[in-house]
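My notebook is open, and I am going to look up one thing at a time.

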Amino acid sequence: MSITPERLAPRVLIVDDDDGIQTLMKALLRRREVIVDSASDGDAALRKMGERNYDSIVLDLMLPKVNGFEVVKELKSRSPEILKRTIV
């Protein structure tokens, strides 16, 4: 198995329902060669977290569907180690 440059780059999930904040965060992180995924609500965020591992998560608390508090609660039961790398 070969290691690709993409896998060497950190992967961050931005969870925010404000498109402007998502766009700004993506631009800033990509300038640092970070791979960025995004979700606009807590439900989509939890799905993405189930599909892949993230090095860090930037999480808004006031989200539609499943709010950020519920996402944190779910992360605590699913994979508590990521909470150390989650920015709320």
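Is serine 38 buried or exposed? I looked it up: serine 38 counts as buried, because its relative accessibility is 17%.

**Before going on.** I note that this is a predicted model, in which local features need pLDDT of at least 70, side-chain atom pairs count only at pLDDT 80 or more, and totals for chains, interfaces and linings use all residues. Residues are numbered from 1 along each chain as its sequence is written, and side-chain values use heavy atoms, with hydrogens and water left out.

**Entry: serine 38.** I found serine 38 in strand β2. Helices (H or I, at least four residues) and strands (E, at least two) are DSSP runs, numbered from the N terminus. The side chain of serine 38 makes a polar contact of 3.1 Å with the side chain of glutamine 22, and another of 3.2 Å with the side chain of lysine 26. A polar contact is a pair of N or O atoms within 3.5 Å; within protein, one must be able to donate a hydrogen and the other to accept it, and residues adjacent in sequence count only if both atoms are side-chain atoms. Not counting residues up to four places away in sequence, I see serine 38 touch Leu13, Ile14, Gln22, Lys26 and Lys48. Contact here means heavy atoms within 4.5 Å.

**Entry: serine 40.** Next I moved on to serine 40, in the loop between β2 and α3. Serine 40 counts as partly exposed because its relative accessibility is 34%. Its side chain joins that of glutamine 22 in a polar contact of 3.4 Å. Leaving aside neighbours within four places in sequence, serine 40 is in contact with Asp16, Asp17, Gln22, Leu63 and Pro64. I also checked lysine 65: serine 40 and lysine 65 are 25 residues apart in sequence, with 9.6 Å between their C-alpha atoms.

**Entry: positive phi.** Lysine 65 has a phi near 65°, a positive value in a residue other than glycine. I place lysine 65 in the loop between β3 (56–59) and α4 (68–78), and it counts as exposed because its relative accessibility is 70%. Glutamate 33 is in the loop between α2 (19–31) and β2 (35–39), and is exposed, with a relative accessible area of 65%.

**Entry: helix α3.** At the N-terminal end of α3, aspartate 41 is the cap: one of its side-chain oxygens lies 3.0 Å from the backbone nitrogen of aspartate 43. I list Gly42, Ala44, Ala45, Leu46 and Met49 as the buried residues of α3. They pack against β1 (11–15), β2, β3 and α4.

**Entry: helix α4.** The N-terminal cap of α4 is asparagine 67, with a side-chain oxygen 2.9 Å from the backbone nitrogen of phenylalanine 69. Which residues of α4 are buried? I noted Gly68, Val71 and Leu75. Seen down the axis of α4, its buried residues fall within an arc of 50°, so they line one face of the helix. The arc is taken from the directions from the helix axis to the C-beta atoms. The buried residues of α4 pack against α3 (42–51), β3 and β4 (86–87). On the face turned away from the buried side, I find the exposed residues Lys73, Lys76 and Ser77. Glutamate 74 and leucine 46 are 28 residues apart in sequence, yet 8.1 Å apart in space, C-alpha to C-alpha.

**Entry: threonine 86.** My last stop is threonine 86, in strand β4. Threonine 86 counts as buried because its relative accessibility is 14%. Its side chain reaches the backbone oxygen of isoleucine 82 at 2.8 Å. Leaving aside neighbours within four places in sequence, I find threonine 86 in contact with Ile57, Leu59 and Leu75.

Methods: Buried < 20%, exposed > 50% of the residue type's maximum accessible area, 1.4 Å probe, protein only.
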